[in-house]
Amino acid sequence: MKKYGFFIFITALIVLLSTLSALVSPIMIQMWSASENGITKGRIAAICIVMLISGLLEIVCFWIREYFAKNFNISNCKSFFKAFFGMTYDKINELGTLSVTAKIRQAVNDFYLYYVNGKINLIVSVIILSCILIFTFFYNILIFAIMAFLVFINISGYKMLNKELLKRSKKLQEDTSSGWQEINQIAANTDYVKQLDTHEYLFKQMEPSFQKIYTSMRDINLFAQTVSHAIVVFNNLCQTFIMMFLVFNFFNDSSNVYLLIIYTIIMPLFSSHLSEIVNVNLDKRNLCVSKDFINDMNQNQENSGKERIKEIVKISFDFPQWKNEFISFSPIKQEFVKGDIIRVKGKSGCGKSTLMKFLLKFWKTEYIKLNDKAIYTIDNQDCRRLINYVPQQSPIIKGTLRENLFLGKPYSKKLEDQMSCFPILESVFRSKNMDSFIMENGNNLSGGEKQKIAFTREFFSDSDVFIFDEITSNIDAETAKEIYQAICDFHKDKIIFIISHDNIADNICNKRIVLS
């Protein structure tokens with residue numbers, strides 16, 4: 001966070017000035033108490049002006065902080081998502097995308113609360129509390145001792161509390177993210193949920209997740225609130241004693257009226273900044289949990305080769321008998337060059353998609369070569385730029401048709417015009433145009449329209465290799481023929497793999513990989 005040092009310095013300076021201006025009032029009152037005129041109307045007006053300036057400075061600080069916070073949060077959000085996207089394929093699946101995105105959202109908030117708000121307030125609060133304690137030391141040693149003890153109790157007490165809460169917060173975060181992930185898996189499919197005659201059994205399946213989330217939340221809140229409340233009660237007791245002590249002295253010595261006025265101003269200031277230090281400790285605890293999560297993502301980044309390539313002209317498979325805990329397939333020794341259309345066939349679960357994902361470097365392998373170079377030596381970005389994988393369930397986002405067609409790629413008016421004339425989309429454009437709104441998950445599209453949009457999106461890329469994974473599984477035969485015809489029309493300088501149970505694919509393929 002060194003790049004934000006200047007901002008933190010400027011904001012801290014403004015906050016400090018606004019807070020110190022609040023201390024000017026008791027200092028002025030103390031000076032006037034020793035003068036013959038005492039507190040006059042003019043001096044009361046001066047105090048009001050000082051307080052007004054203090055308030056305006058605080059407003060300026062709010063504006064500066066929040067304008068900065070926008071860029072700060074966006075920068076962190078992009079950085080965390082970059083780490084997420086760069087994690088290994090298996091780690092992403094292990095954590096779950098919904099769980100990771102929820103943690104990223106929390107991490108962005110935790111970094112904001114500490115660096116944009118908490119850290120600055122901590123610096124200012126330490127300075128203000130030091131000034132108040134020094135001021136008090138010269139006027140009443142008993143009050144000074146009580147206030148110093150309060151500072152010690154709050155800092156040490158909350159430090160011990162936060163140490164324990166840090167352990168419990170990690171468990172809460174895990175229980176919450178995994179619990180909501182389980183709930184979302186059940187509730188996310190609108191069509192399935194709505195067609196049920198009763199939701200009683202869904203609630204029974206969701207019950208363990210509800211219990212896990214809210215039991216963990218209850219336990220940590222009970223512990224935190226019990227300890228925190230005990231410290232707050234002690235604070236109130238000490239502050240009440242100080243004020244009663246001052247009132248008692250006033251009744252016994254009316255000359256102490258100025259001291260009573262001064263502490264009436266100082267005590268709320270002291271309490272608020274003492275609370276600020278406590279709150280910063282809580283923010284720092286949350287920050288530590290989020291930092292551990294970010295570090296975990298950074299430690300699970302996938303490796304990339306160093307070899308750069310501009311195109312793929314040949315792919316070589318030399319797999320021995322392959323087996324892991326999920327799949328197995330027989331040895332594969334084949335070569336493919338531009339112009340080849342390869343059907344990958346086999347029974348469900350035999351590893352067709354897994355084999356193709358090795359091409360995208362989702363896992364490390366020494367059994368594939370691109371242009372006679374081992375695939376693990378090739379740069380990940382080049383590999384994925386030149387190989388285009390079209391899954392069975394391609395993402396359809398909430399937005400316009402145009403935004404869906406250009407998802408993950410730069411916009412081009414020339415490309416949009418080409419897409420508009422693409423025969424595959426002819427049926428889609430009968431009822432829609434580029435500005436038509438598409439609902440989340442394409443709920444206002446047919447299965448065939450979704451596949452056509454997903455196919456078109458990838459069809460117009462500059463990749464050398466295409467992998468179509470069951471892209472005709474949920475559409476009618478006529479649409480499937482249209483898609484296969486489009487593949488035939490542009491395959492001459494491409495290497496195309498088609499994973500399909502549809503025998504129509506055999507008509508356009510010149511090579512096959514058969515898994516058993």
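This is a friendly dialogue on reading a few features of a predicted model.

Trainee: Let's start with the overall picture. How many helices and strands does the chain have?

Mentor: The chain has 14 helices and 13 strands. Keep in mind that the model is predicted. Of the 516 residues in the chain, 45% are buried. Among contacts with a separation of 6 or more, 76% join residues 24 or more positions apart.

Trainee: How should I read a pair of packed helices?

Mentor: Here is the general idea: two packed helices are described by the angle between their axes and the distance between the axes. Now take helix α4, residues 97-137, and α5: they pack at about 180 degrees, with axes 13 Å apart. That angle makes α4 roughly antiparallel to α5.

Trainee: Which residues of α4 and α5 make the contact?

Mentor: From α4 come Thr97, Leu98, Ser99, Lys103, Gln106, Ile132, Leu133, Thr136 and Phe137. The α5 side includes Ile141, Phe144, Met147, Val151, Glu174, Ser177 and Gln181. By class, the contact of α4 with α5 has 10 nonpolar, eight polar and two charged residues.

Trainee: At what angle do α5 and α7 pack, and how far apart are their axes?

Mentor: Helix α7 covers residues 200-252, and α5 packs against it at an angle of about 170 degrees, with the axes 9 Å apart. An angle over 145 degrees counts as roughly antiparallel, so α5 and α7 are roughly antiparallel to each other. The contact of α5 with α7 divides into 32 nonpolar, 12 polar and seven charged residues.

Trainee: Let me zoom in on a single residue. Is Ser177 buried or exposed?

Mentor: Ser177 lies in helix α5, residues 141-187. The cut-off for buried is under 20% relative accessible area, and Ser177 is buried because its value is 9%.

Trainee: Which side chain forms a polar contact with that of Ser177?

Mentor: The side chain of Ser99 does, in a polar contact of 3.2 Å. A polar atom of the Ser177 side chain also lies 3.2 Å from the backbone oxygen of Glu174. Leaving out residues up to four places away in sequence, Ser177 touches Ser99 and Lys103.

Trainee: And where is Ser99 placed?

Mentor: Ser99 is in helix α4. With a relative accessibility of 4%, Ser99 counts as buried. Not counting residues up to four places away in sequence, Ser99 touches Ser177 and Gln181.

Trainee: Now a charged side chain. Why does Asp283 count as buried?

Mentor: Asp283 counts as buried because its relative accessibility is 14%. Asp283 sits in helix α8, residues 257-299. Apart from its neighbours within four places in sequence, Asp283 is in contact with Leu113, Tyr114 and Gly118. For a distance in space against a distance in sequence, look at Asp283 and Asn162: they are 121 residues apart in sequence and 9.8 Å apart from C-alpha to C-alpha.

Trainee: How do I read a nonpolar core?

Mentor: In soluble globular proteins, nonpolar side chains tend to be buried together. In this model, the largest nonpolar core has 35 residues, and those touching the most other members are Leu405, Phe455, Phe468, Ile487, Ile496, Ile498 and Ile508. The elements giving two or more residues to this core include α13 (447-459), β11 (465-469), α14 (477-490) and β12 (495-499). The most come from α14, with seven residues.

Trainee: Which residues does Phe455 touch?

Mentor: Setting aside residues up to four places away in sequence, Phe455 touches Phe422, Ile424, Phe468, Ile471, Ile483, Ala486 and Ile487. Apart from this core lies another, of 31 residues, with Phe329, Leu360, Val465 and Ile495 among them.

Trainee: One last feature: what should I look for in the backbone angles?

Mentor: Most residues other than glycine have a negative phi. In this structure, Asn371 has a positive phi, near 55 degrees, and lies in the loop between β6 (368-370) and β7 (373-374). Glu470 has a positive phi of about 55 degrees although it is not a glycine. Glu470 lies in the loop between β11 and α14, and is buried, with a relative accessible area of 10%.

Technical notes. Residues are numbered from 1 along each chain as its sequence is written. This is a predicted model: local features need pLDDT of at least 70, side-chain atom pairs count only at pLDDT 80 or more; totals for chains, interfaces and linings use all residues. Side-chain values use heavy atoms; hydrogens and water are left out. A nonpolar core is a set of buried Ala, Val, Leu, Ile, Met, Phe, Trp, Tyr and Cys residues joined through side-chain atoms within 4.5 Å. Buried means under 20% relative accessible area, exposed over 50%, partly exposed in between (1.4 Å probe, protein chains only). Helices (H or I, at least four residues) and strands (E, at least two) are DSSP runs, numbered from the N terminus. Contact means heavy atoms within 4.5 Å. A polar contact is a pair of N or O atoms within 3.5 Å; within protein, one must be able to donate a hydrogen and the other to accept it, and residues adjacent in sequence count only if both atoms are side-chain atoms. Axes are lines fitted to C-alpha atoms, for helices over the stretch in contact, and angles run from 0 to 180 degrees between N-to-C directions. Angles under 35 degrees count as roughly parallel, over 145 as roughly antiparallel, 65 to 115 as roughly perpendicular and the rest as oblique. Ala, Val, Leu, Ile, Met, Phe, Trp, Tyr, Cys and Pro count as nonpolar, Asp, Glu, Lys and Arg as charged, and the others, Gly among them, as polar.
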